[in-house]
Amino acid sequence: MTLTRRTWLLVPVLAALTACANAPAPSATGPVAANPDPTASPFTAKKPPRLVVFMVIDGLPIRQVLGYRDQLQPDGFKRFLDRGAWFANAYYGHGYTVTAAGHSIMLSGAYPQRSGIIGNEWRDPMTGTPQYNTADPRYQYIGNNTEPLAGTSPENYKVETVGDVLRTLQPAAKVIGISGKDRGAILPAGHKGTAYMYMGGTGQFASSTYYMDRHPAWVDAFNAAKPADQFFGKTWAPMLPEAAYARSVPDGQPWQANSGNGNRLPAVLGAGMDGPGPRFYGNILPSPFGDELTLAFARAAVEGERLGADEQTDLLSVSLSSHDYINHAFGPESRLSHDHFLHLDAYLQSWFQYLDAKVGRDNYVAVLTADHGFTDTPEWAKSQGRDAGRINPAQAVGFVNAGLAKQFGEGRWVVGLSGTGLIFDEAAIQAKGLKQDEVYAAAQALVQQVEGVQVAFTRAQLAGTDTATPYLEQMRRSWYPGIAAPLQVVPKPGWIFGSRLMGTTHGSPYEDDTHVPLLTWGPAWVGQGRIEQRVEIVDLAPTLSALLHIPAPRQAQGRLLPLPAR
């Protein structure tokens with residue numbers, strides 16, 4: 001998706017979206033892969049699986065998985081929790097926890113400080129020019145409109161992935177990435193895989209000309225059947241009786257977005273429309289049916305590409321996007337989010353049963369994680385007596401500029417936010433003969449006076465070696481020189497950036513946003529049980545590499561996960 005494309009794709013939740021190849025890397029701040037040599041791993045004696053099924057639930061905090069565990073289907077999430085190996089304390093170690101950054105980490109094992117994927121979008125710190133994480137104007141969507149800054153290739157991704165290593169060593173391996181979002185498909189697929197993403201204007205799934213000139217026949221057949229149209233007029237109804245949702249916040253709260261599909265259940269998709277069209281197709285994603293449609297395409301990929309059909313290992317990444325849109329619009333505390341999670345659980349159960357029959361239970365490994373968690377809606381948190389609120393970006397920038405004007409003279413010294421940082425009028429700083437770091441330090445002192453701001457870090461701090469200052473190391477892992485803003489700002493716990501008084505977001509270094517599921521299942525490869533040891537999502541790439549008997553990606557910063565022995 002692009003900055004422009006998201007505008008029409010997310011019509012139902014705009015009010016809530018307040019934030020929503022190896023290049024030389026900066027100096028490492030984390031450990032290198034503990035076992036880059038696959039012969040030194042616990043998987044040495046085990047034949048690799050025919051298929052790795054990598055699942056991402058966009059915007060799913062671990063607290064939701066465990067909070068609704070008693071309401072789960074027998075073989076959805078419970079396949080992992082009851083019969084797999086899972087980590088109760090799995091975290092992201094970077095500070096700006098957003099979708100692109102999370103998806104860039106999972107299968108590379110590298111933080112944004114190495115990958116260059118610092119966020120979903122940002123601005124060039126020298127020119128202010130908008131940048132998008134997977135934008136590449138050299139390529140176009142196949143059979144669909146391609147808007148400026150559309151996500152079409154992994155060109156900006158400066159590291160390799162597990163799939164890249166696999167296909168380098170075993171060119172016959174197939175690596176497929178599928179998602180409702182371009183970044184959710186492109187980044188896990190890496191440089192040598194193939195990505196397919198949902199087109200909100202047509203209800204189709206499409207790749208880009210980076211990967212191929214035309215779609216294979218199975219993709220054309222899927223799109224020709226117009227599977228998205230089956231959801232027109234379909235009702236999103238609660239999975240359980242009303243009493244089952246007593247632990248979540250009722251529908252229709254004033255801070256919940258009331259557009260598109262509305263903010264109450266039951267909700268009818270396409271209500272008031274004459275028939276399927278761009279607005280309807282965009283409304284599918286912020287509903288359970290976005291996940292249902294994505295998994296239908298994943299089934300078509302398994303069939304069309306014959307994934308897991310022979311002894312050559314394939315990798316299928318499926319990133320389900322709907323939970324993120326729903327949490328943005330209504331909050332993770334809402335009944336709508338609670339109910340969507342239950343729908344998702346039922347979809348996973350059906351998906352795993354399909355894989356058991358098609359690929360064979362003893363032929364694949366399944367892994368499930370999330371790209372980030374979620375912060376509770378500030379208005380809800382305040383009603384519970386917590387410190388929470390919204391930081392108006394324009395007001396914060398105005399305050400900082402007013403203070404800088406007193407020190408350095410009139411001017412728009414700060415030109416705006418980029419990611420979670422402030423960028424400056426570098427030409428004005430140079431024209432006045434000022435030292436950049438002095439201006440940044442002055443802005444740091446000012447922005448830390450803004451209500452809701454916890455701390456800010458300058459370029460000098462981010463480029464340094466201090467590991468004792470709270471949150472600095474996390475923000476350093478999110479900072480790539482020349483791409484990220486020179487002054488990074490961290491909100492207080494419970495506070496978010498945004499001027500609209502609806503919905504919520506993520507993007508902080510706090511537990512709500514960093515503590516995510518990390519669940520594994522594969523009877524022939526991973527053990528069973530709950531592991532309490534703290535791990536990081538960067539540990540996943542070296543572990544999967546060892547399982548596949550290949551070296552870890554070169555820039556990986558993780559260690560092997562402490563999986564139970566088989």
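Histidine 515 touches Pro61, Ile62, Ala88, Asn89, Ala90 and Tyr91, leaving aside residues up to four places away in sequence. Here a contact means heavy atoms within 4.5 Å. This is a predicted model, where local features need pLDDT of at least 70, side-chain atom pairs count only at pLDDT 80 or more, and totals for chains, interfaces and linings use all residues. Residues are numbered from 1 along each chain as its sequence is written, and side-chain values use heavy atoms, with hydrogens and water left out.

Let us stay with histidine 515 for a moment. You will find it in the loop between α19 (511–514) and β19 (518–521). Helices (H or I, at least four residues) and strands (E, at least two) are DSSP runs, numbered from the N terminus. Is histidine 515 buried or exposed? With 10% relative accessibility, histidine 515 counts as buried. Buried means under 20% relative accessible area, exposed over 50%, and partly exposed in between (1.4 Å probe, protein chains only). A polar atom of the histidine 515 side chain lies 2.8 Å from the backbone oxygen of alanine 88.

Another loop residue is glycine 180, placed between β6 (175–179) and α7 (182–189). Its relative accessible area is 0%, so glycine 180 is buried. The C-alpha atoms of glycine 180 and aspartate 291 are 8.1 Å apart, although 111 residues separate the two along the chain.

Now for the rings. Rings of Phe, Tyr and Trp (its six-membered ring) pair if their centres lie within 6.5 Å; planes under 30 degrees apart count as stacked, over 60 as edge-to-face and the rest as tilted. By this rule there are 20 aromatic pairs.

Tryptophan 351 and tyrosine 354 both belong to helix α12 (residues 335–358), 3 residues apart, which is about one turn of the helix. Both of these residues are buried. What does the pair of tyrosine 364 and tryptophan 521 tie together? Tyrosine 364 lies in strand β12 (residues 364–369) and tryptophan 521 in strand β19, so the pair ties together parts that are 157 residues apart in sequence. Tyrosine 364 is buried at 0% relative accessibility, and tryptophan 521 is buried with a relative accessible area of 2%. Elsewhere, ring pairs join Tyr196, Tyr198, Phe205, Trp218, Phe222 and Phe297 into a cluster.

Two of these rings also have a charge over them. A charge sits over a ring if NZ of Lys or CZ of Arg is within 6 Å of the ring centre and within 35 degrees of the ring normal. Arginine 79 lies over the face of tryptophan 521, 4.4 Å from the ring centre. The charged end of arginine 299 sits over the ring of tyrosine 354, at 5.4 Å from its centre.

Next, look at helix α20 (residues 540–547). Why is helix α20 described as largely enclosed by the rest of the structure? Because 8 of the 8 residues of α20 are buried. The cover over its buried residues includes β1 (51–57), α4 (99–106), α6 (162–169), β12, β19 and β21 (535–536). After α20 comes histidine 549, with a positive phi near 65°.

Finally, a word on confidence. pLDDT is the predictor's confidence in each residue, from 0 to 100. The chain has a mean pLDDT of 93, and 93% of its residues reach 70 or more. Over residues 1–35, pLDDT stays under 50.

Conventions:
Polar contact = N/O pair within 3.5 Å; in protein donor to acceptor, adjacent residues only side chain to side chain.
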